[in-house]
Amino acid sequence: MIPDFSKDDITVVSHYLGKIFVALGIVQILPILVGFICMEMAAVIDFFISIITCLSFGSILLYFSPLPQELNWRQGMIIVALSWFIAMCVSALPLYLSGHFECFLDACFESMSAYATTGLILIQDLDHLSHAHNFWRHLMCFIGGQGIILVALVFFFRGGDALRIYIGEARDDKILPNSITTAKFIWMVSFTYLIIGSFLLAFVLMFHGLPFTRAIFHGLCIFMAGWDTAGFAPQSLNILYYHSFVFELVTIIIVLLGATSFGVHYAVWTGKYRELKEDFEVKILMFTIFMTYIVVLIGFSGNLVFGDPVSFFRHTFYQLISGHTGVGYTNIYSSQLATWPELAIIGVIIAMAIGGCMNSTAGGIKVFRLGLFYKSMKREIRKLSYPESSYIREYFHHQREISIDDNMVKTAMVITICYILLYLSGALMGTFFGYGFLPSLFESVSAAANVGLSVGITDTSMPALMKMWYIFEMWAGRLEFFAIFILIRFLVKTVKKR
Amino acid sequence: MRIIRIVISGMAVFCIAGWAQTVRALITNPDMFDEKTVIVEGELIGDIFKGRSGFWVNMLDSGMAIGVWFHDSEKEKIKFLGKYGVVGDFVRITGVFHKRCIQHSGDMDIHASTLEILKRGTEKKEEIPVEKVIFAFSLGVVSLAAIGILHLLSRKESLPHNR
């Protein structure tokens, strides 16, 4: 029998949420520093209000929920799901105070989009937003890409508790023997790439005549949102703002690195370069990129709508790679994307739905699961071809040789079905509100797979219910469902008890 | 009949090329304006990006921005580019709109032939609402007091009772 939720559960959850509140407050010191450097005092006040709110709530929760016993899996999952929801609300506060949002819901949409590394935006007049607020938008992407819990993990959690929370955030690859050292490794990789990537982008921008400070600010923002496959940009034109093919090429490299599993990064960092060639997930990622691009090409039926072949490739491949890795960067207008042939749009939808690698910053079903289905199918066919008494095993190489078992396939299948249902639910909701089915499906997949490409539906004028549903899609898609399901069960049980 | 047709097409060309278009109209109906001379008005924003024998500046109008390609000779005219705390130069641009510019790898852009400054941009003094300052200050004081009290209480509770 499944045990009921007890008062202890609430105490444990409240205690750790208190810690998350404190962590979110501390993190906001960074945009305050940016505000001071850029002499943006109005922004500093916005963040001051937000920090005080976080610290107050955090202190109250920590006081009334003293240090609990060790976490169990269920509590870990609830903490993860609630942390993301709370992070969305408190991080939306400085955004809303900036005056660039029509309502608090829009600000919440923006912060969930950043944390879930989606990239759909509802901000108004982005081009006149303060550096501090803009930096905060991108910092949220950086934090969310690694995982909100991962931030707190390094500082606030005990070893045993850490693992239960770590897995709740849709990460099940223990690169190193312990979750905290894994979290530290992920942060080390991210910070190293952050320095290299930001300077590389800044260098390209300086070549185009930008002064160093502007170039480094843009480089930093674009890297944070690119590496974490979020797709935010400091200007409303997104990547189109820079008018630079070289800049776009650098962003492609960054997003491909972001969509690659941290396990592969670890292998490369430790000198095992062969992993890049041998890892089954990397191979499938390359294969699906190739195949979905073929679909896009067939969709255009050889009609080079962007002029010459290079321009055609530049624009079509950029949208495809952006969709597949889940970054959502774009070098065309959403109204242009909306006029693409239906088959080309379907190609991008498939790419978005598949997503990047497991344990990367990308969203979607993940190529790993797709590969697993392929291997499982191959195993079943072989089983049928051999005598009944034969024992057939199928392996794949993912940092080591792994044998496929039924449990692995079953879990992958459940998550995949959940994703498909989520994609369809958003599409049906869009259709219900009067948008076409294909554009609705595109936008829904973009939200649930945490991509951020848009055909123009995501707008401040869209119905509030759709905004809320997209927030749910981003949240559920990022956490890969289980944490949310357990939270819903917890809430239902708590309400029923009363 | 021929005269009427000439008059109608003349009027259409006048409508498209003679009056200022919004950037939104260009972006949402690119086929209508493709390769035609257009007049657009808006605020220059962001940064100047150097290119070969020219430069890029993005122009914002009706909530949408578009890249405008200028000849180097126009650079001196631009003094303010819109960003936080700065209102960019409000300009009128006459130029050719490209749905897919061949020169710039298929980008949607405008190649400006003339640039007219309608209103010079300014640096805005940052306005901080007094109510916000008072609210932040009060919140800070109350919260710090509450956090302090909670901290003292928790310390007191953690002390051994037999002291």
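Helices (H or I, at least four residues) and strands (E, at least two) are DSSP runs, numbered from the N terminus. The model is predicted, and local features need pLDDT of at least 70, side-chain atom pairs count only at pLDDT 80 or more, and totals for chains, interfaces and linings use all residues. Residues are numbered from 1 along each chain as its sequence is written, and chains are lettered from A and ligands numbered from 1 in the order in which they are written.

Chain A contains 22 helices and two strands. With a radius of gyration of 22 Å, close to the 23 Å that the globule rule gives for 498 residues, chain A is as compact as a globular protein of that length; the radius is taken over C-alpha atoms, and the rule is 2.2 Å times the number of residues to the power 0.38. The C-alpha trace of chain A spans about 65 × 65 × 50 Å along its principal axes. Buried residues make up 57% of the 498 in chain A (buried: 20 or more other C-beta atoms within 10 Å of the residue's own, with C-beta atoms placed from the backbone). Of the contacts in chain A with a separation of 6 or more, 73% join residues 24 or more positions apart (contact: C-beta atoms, placed from the backbone, within 7 Å).

Chain A is assigned domain 1 (1–172 + 463–498) and domain 2 (177–414), with bounds from an automatic or database domain assignment. The centres of the two domains of chain A, taken over C-alpha atoms, are 25 Å apart. In chain A, 28 residues of domain 1 contact 26 residues of domain 2. On the domain 1 side, two or more residues each come from helices H6 (131–146), H7 (148–156), H8 (159–168) and H21 (464–479) of chain A. H6(A) gives the most, eleven residues. This side comprises 13 nonpolar, eleven polar and four charged residues (nonpolar: Ala, Val, Leu, Ile, Met, Phe, Trp, Tyr, Cys and Pro; charged: Asp, Glu, Lys and Arg; polar: the others, Gly among them).

The contact between the chains takes 37 residues from chain A and 35 residues from chain B. On the chain A side, helices H3 (41–64), H15 (309–325) and H16 (334–338) each supply at least two residues. H3(A) provides the largest share, eleven residues. By class, the chain A side has 18 nonpolar, 15 polar and four charged residues.

In chain B, strands E2 (residues 37–51) and E6 (residues 90–98) pair in the antiparallel sense over seven bridges (pairing: at least two DSSP bridges between the strands). Phe90(B) in E6(B) is the bridge partner of Glu43(B). E6(B) also pairs in the antiparallel sense with strand E7 (residues 109–119) of chain B, over nine bridges, and His98(B) has Asp109(B) in E7(B) as its bridge partner.

Conventions: A residue is buried if 20 or more other C-beta atoms lie within 10 Å of its own, exposed if 12 or fewer, and partly exposed in between; C-beta atoms are placed from the backbone. Two residues are in contact if their C-beta atoms, placed from the backbone, lie within 7 Å.
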